[in-house]
Amino acid sequence: MAASTAAAVAPDWWNDVNNSPMWQDRSFHALATLYGAVSFVALVQLIRIECRVPEYGWTTQKVFHFMNFIVNGVRSIVFVLRRDVQLVQPEIFQHVLIDFPGLAFFTTYALLVLFWAEIYYQARAMSTDGLRPAFYTINGVVYAIQIILWMALWWKPVRAMVILSKMFFAATSLFAALGFLLYGGRLFLMLQRFPVESKGRRKKLNEVGYVTTICFSGFLIRCVMMCLNAFDKEADLDVLNHPILNFFYYLLVEIVPSALVLFILRKLPPKRGITQYHPIH
């Protein structure tokens, strides 16, 4: 009897929270605050790096922090205005405002995969000429397909197109997770083979291991959640009345990974003799 009563109460409590404007606003404003904090940290770190090595221009490290600043800043603004975003017409622009920062997040962390791939290839005396063109091509294809899906959704806003768009987002997340597993794993194994007495070996090994684990897990969770989001209305992330689900989703797949990665990669580059920080051409 007690078990059945608890089962009946739980859904009522959950529905009350989901349908409460107060809980919705609290959840979205909390997300806006957290995203704003991560954006601020990324900006501060970018300024510190620029003051440390201004002569190297826009290095991969600087671009990574700049994109973290932009992505998290835009997310913060969107969540501050989340209730207004839900009223934007035509509806396709709601999808763009909510989904585009996720694409930019993919590009930001794909840049980190590129950085590690370059280090790995250079250490193995292999050519890195094809890495950057591949990075630009992959991102170009991802953005082109997503824009086509948005246009199709605008032209024919049916449930099947929404599912297709979300499944494509899940696929890009899985691709990013596998990228971290491939190049983060390769770099980690290569560092393990360095002599134990190598300067900085242990610290770099931990750095690569932690970041690989965090980013792989984050993108994998996003992939699973986007699949659920596509087929289960109870897991819909694009509505106002799932504030708790939204809070924990964005916390786990973007905020916590970004904050941890920025903390782990907080070390400033040396002033001279740097070879691994290449300008973006």
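Start on the outside: Leu174, Leu178, Leu181, Leu220, Val224 and Leu228 make up a nonpolar patch on the surface, with about 480 Å² of accessible area together. H7 and H8 are the elements that give two or more residues to the nonpolar patch. Patch members have over 30% relative accessible area and no salt bridge, and nonpolar side chains (Val, Leu, Ile, Met, Phe, Trp, Tyr) are joined within 5 Å, like charges within 9 Å. The areas come from the Shrake-Rupley method with a 1.4 Å probe, and for residues only the protein chains shown count as cover.

A word on the model: it is predicted, local features need pLDDT of at least 70, side-chain atom pairs count only at pLDDT 80 or more, and totals for chains, interfaces and linings use all residues. Residues are numbered from 1 along each chain as its sequence is written, and side-chain values use heavy atoms, with hydrogens and water left out.

Leu228 is found in helix H8, and it counts as partly exposed because its relative accessibility is 42%. Here buried means under 20% relative accessible area, exposed means over 50%, and partly exposed is in between (1.4 Å probe, protein chains only). Helices are DSSP runs of H or I with at least four residues, strands are E runs of at least two, and both are numbered from the N terminus.

Ala170, in helix H7, is another story: its relative accessibility is 2%, so it counts as buried. Leaving aside neighbours within four places in sequence, Ala170 is in contact (heavy atoms within 4.5 Å) with Cys223, Met226 and Cys227. Its C-alpha atom is 8.7 Å from that of Leu220, 50 residues apart along the chain.

Now for the inside. Beyond its neighbours within four places in sequence, Tyr109 is in contact with Phe64, Asn68, Phe180, Cys215, Phe219, Pro257, Ser258 and Val261.

The structure also holds 6 salt bridges, where a side-chain nitrogen of Lys or Arg lies within 4 Å of a carboxyl oxygen of Asp or Glu. Among them are these:

| Pair | N to O distance |
|---|---|
| Arg83 and Asp25 | 2.9 Å |
| Arg132 and Glu118 | 2.8 Å |
| Glu254 and Arg222 | 2.6 Å |

Arg83 lies in helix H4 (residues 82–85) and Asp25 in helix H2, so this pair ties together parts that are 58 residues apart in sequence. Arg83 is partly exposed at 32%, and so is Asp25 at 28%. Arg132 in helix H6 and Glu118 in helix H5 are 14 residues apart, and both are buried. Glu254 in helix H9 and Arg222 in helix H8 are 32 residues apart. Glu254 is buried at 0% relative accessibility, and Arg222 is buried at 3%. Arg75 joins Arg222 and Glu254 in a network of salt bridges.
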